[in-house]
Amino acid sequence: GGGGGSQWNLAASFKCSRTRCLDMKFSPPQYGLRVGLSFEDGHLKLYRCEDTVNATDWQLVQDVLVGSFSSPASGGEENSGPQGGLESCNAFCWRPFSQDMPEMLLVGTSRQASIWSFESSLGRWNKIVKLPCEAGRVSDVSWASACGKTSELVAYSSGSTVYVTQLKDNLDRLDVNTVAKCEHGDGGAEVFQVEWNKLGTTLATSSSDGRVRLWRPDLMDEWHEMTRIVGTSS
C-alpha cells in the first residue's frame, strides 16, 4: 500500500495434504527456522528452512501421525471416540526450549490431548502421556514457560472447559496432575483459544460468547477468573 510502508511478499507455500490444515506454528528459534502444520487426516508435518534470510526453500523433516482411524464399534482407549472415523490434529504447540530437556510437543486432536517427545537417537516422535480430558475433542493447546519452576503447566480447551494440567519430571516418567478446570459460563460457551503470558502465570481464553477471560491462581493455588473482557459489535 501507500504511505511508505513495507510490502509483504509470498516467500513459500505448502501443498502437502489433501485435507484441511487446522493449525500451524513456528518452533522455538533455538531449533532453527522450522514450522509445523497439522491436518484433518491426523498428520503433523514439520518443515525446516536452512536459508533464514529468504525463507523460500522448505524441506519436510518429519511426518508424524498423531491421529488414528477407527470404526464406531472398535474398542480400546486410543481408538475410541464418539463417532469413530478419522482423528484430526486440531492444535499443537512446542514446549518452550530448555537446554536439558528433549524437544516436546503438546498435541490436541478430535479425541484427546497428549504429550509427544522427540527421541533423537532414533529420529522419531513418541507419545509419552495422554492427558485427562473428559469430552475428548480438543480445540486449542498452550504450554507455559517454566521460568525456573520445578514443574510445568499446560492448558488445553475442550468444549466449554479449559484444563490446566501440571507436569513434573519423575526420573523415567512424566507425572500428570490436573490442577484446574476453568468453566466458561452457565450457557456452556465453547472455548476457541488458550494462551499463556510470557511468565506462565496468567492464562487467557476466548470463547463463543464473545468474551476473553484471564485466569490465575490465588495464594492457595485455586484458579479463578480474574478479568473478563466483553466484545462489542459495531
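Strand pairing first: I count two strands as paired if DSSP finds at least two bridges between them. Helices (H or I, at least four residues) and strands (E, at least two) are DSSP runs, numbered from the N terminus.

I note that this is a predicted model, where local features need pLDDT of at least 70, side-chain atom pairs count only at pLDDT 80 or more, and totals for chains, interfaces and linings use all residues. Residues are numbered from 1 along each chain as its sequence is written, and side-chain values use heavy atoms, with hydrogens and water left out.

Entry: strand E7. I looked up the pairing of E7 with E8 and found five bridges, the two strands running antiparallel. Opposite Ala91 I found Gly108 of E8. For burial I use relative accessible area: buried is under 20%, exposed over 50%, partly exposed in between (1.4 Å probe, protein chains only). Six of the six residues of E7 are buried.

Entry: nonpolar core. I take a core as a set of buried Ala, Val, Leu, Ile, Met, Phe, Trp, Tyr and Cys residues joined through side-chain atoms within 4.5 Å. The largest one has 17 residues, and Leu106, Ile115, Leu131, Trp143 and Tyr156 have the most contacts inside it. Among the elements giving two or more residues to this core are E7 (89-94), E8 (104-109) and E13 (161-170). I then listed the contacts of Leu106 (heavy atoms within 4.5 Å). Beyond four places in sequence, Leu106 touches residues including Ala91, Ile115, Leu131 and Trp143.

Entry: Ser158. I located Ser158 in strand E12. Its relative accessible area is 3%, so Ser158 is buried.

Entry: cysteines. How many disulfides does the structure hold? I found zero, taking a disulfide as a pair of cysteine sulfur atoms within 2.5 Å. Cys16 is buried at 17% relative accessible area, and Cys182 is buried at 2%.

Entry: largest pocket. I looked up the residues that line the largest pocket and found 25, with Cys93, Trp94, Ser142, Trp143 and Glu195 nearest its centre. E1 (21-26), E7, E11 and E15 (191-196) each give two or more residues to this lining. The largest share, five residues, comes from E15. On a 1 Å grid over the protein atoms alone, a pocket is an open set of points where a 1.4 Å probe fits, with protein on both sides within 12 Å along at least five of seven lines; lining residues have an atom within 4 Å of a point.
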